[in-house]
Amino acid sequence: MNIRSLTRGDGVVIGAAVLLFIASFLDIYSIDGAPDDADIPSLWGSGAVVLGVVLAGIIGTVLVVVARALPQPKKVAGLDLGQFGVAFTVFAAWSALGNIFDPAGAFDGDGGITNEFGAGTGLILALIATLIMAAAAVATPLVPALKGSLIPAARPAAPQPYGGQPQGGYGYPGAQQQPYGGQPGQPGPGQPGPGQPGQSFGGQPGQPQPQAPQAAQPQQAQAQPAPAGDFSPFWFAVPVPRPLFAEDGSPTPIAELAPGTWYLAVEQRGANLVAQTQDGRRGVLQDTSGIQRG
C-alpha cells in the first residue's frame, strides 16, 4: 500500500471519521428538565445508530482509504472498493439524518421528537461528521482541489539515477551538465584543467584556452529532446493530475500521476516519457508540458 497516493479529499474523509468516533461516546438524546447527572446513553446504547451511522461511516472510510492506497483497484461484484466505501458513507449520513428526527427511537413509543426527548450532542455531531464524510467521498474525484496529494513527496536532495548510476546525472538537483558528447570527469570548454589556472593539462603555460560557447547555446540544447542514446532517467513532478497510459498503446489509463509526488522517467519516446510510479508500475506520459524536474 502507498499512503502517498492519498488525496486531500481522503484526508477530509479520515478527519470526519475521527469526529464520528468521538461523537459516538456522547449523548444520543437529551431530556427536557433532566438533571445534569442524568444517565443518558451514548450512541453505542442504540443498535440501530451504531450499525447504521457509526460502523457504516467507519467502514466506508476504511474502504475509501484502502482502495486509494492499493496499487491496483480491487473489485467486488464488479464495483471498486472505493465505490462501496462511498456508498457506505452516504448511507451513514442518511441514517444519521433519520435518527435526528427520531432520536429516542423506541423510548418515546410513537417516534418523532416529543416534548421530552430531543437530539443529543452525540447525534448532532454524528450527523455533521457523516455529512462531511459523504460530501468529501463523493466530491474527491470531481474537485481538483481535493484531488491533490495529501502527503507531498519530499524533494530528493541527491537521488540516485535509475539503475545505480552515479549522482549528478541528467535532470537531478545539483547536477553539472557535461558537454554534449563529452566524457564524465573531463573539463568542459573554457574550464581550466587539473594544472595551473588558465593552462590545459600537459600544455604550455600561458597558452590561451578555447573560448566558452555562448550561454544561449547550452540552454537551447537542453530545451530540445535528448537523443535516445543520450537519455538518462530523471525524477519529475506534474503540475496537475495526468493519466499514465499502458506501454502497449491502450487508450485506458493504468494510473494517474498526482501533483506533489515524484516519479521516475526511465525512457523518452519522442515527445512522450515512459514513467515509473513509486509502486513499480510503468506507463507512457503523453502530456509532458509544465513538468518539474527534480
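Which residue in β8 is the bridge partner of W235?

Tutor: The partner of W235 in β8 is L264. This is a predicted model, where local features need pLDDT of at least 70, side-chain atom pairs need 80 or more, and totals for chains, interfaces and linings use all residues. Residues are numbered from 1 along each chain as its sequence is written, and side-chain values use heavy atoms, without hydrogens or water.

Start with the strands (DSSP E runs of at least two residues; helices are H or I runs of at least four, and both are numbered from the N terminus). β5 covers residues 234-237 and β8 covers residues 263-269. They pair (at least two DSSP bridges). Three bridges link β5 to β8, in the antiparallel sense.

β8 has another partner: strand β9, residues 272-276. Five bridges join β8 and β9, again antiparallel. Two residues lie between β8 and β9, which form a hairpin. In its turn, G270 has a positive phi of about 65°.

Now the interior. A nonpolar core is a set of buried Ala, Val, Leu, Ile, Met, Phe, Trp, Tyr and Cys residues joined through side-chain atoms within 4.5 Å. The largest one has 22 residues. L20, L43, V49, V53, A126 and M133 touch the most other members. Four helices each supply at least two residues: α1 (8-23), α2 (47-69), α3 (81-100) and α4 (121-139). The largest share, seven residues, comes from α4. A second, separate core of 13 residues includes F236, V238, A275 and L285.

A126 is buried (under 20% relative accessible area; exposed is over 50%, partly exposed in between; 1.4 Å probe, protein chains only). Its relative accessible area is 0%. Leaving aside neighbours within four places in sequence, A126 is in contact (heavy atoms within 4.5 Å) with L20, A23, L43, V53 and A96. I22 lies 104 residues away from A126 along the chain, yet their C-alpha atoms are separated by 8.7 Å.

A126 also takes part in a meeting of two helices. V49, V53, G57 and T61 in α2 meet L123, A126, T130 and M133 in α4. Beyond four places in sequence, V49 is in contact with I28, L43, V54, N99 and L123.
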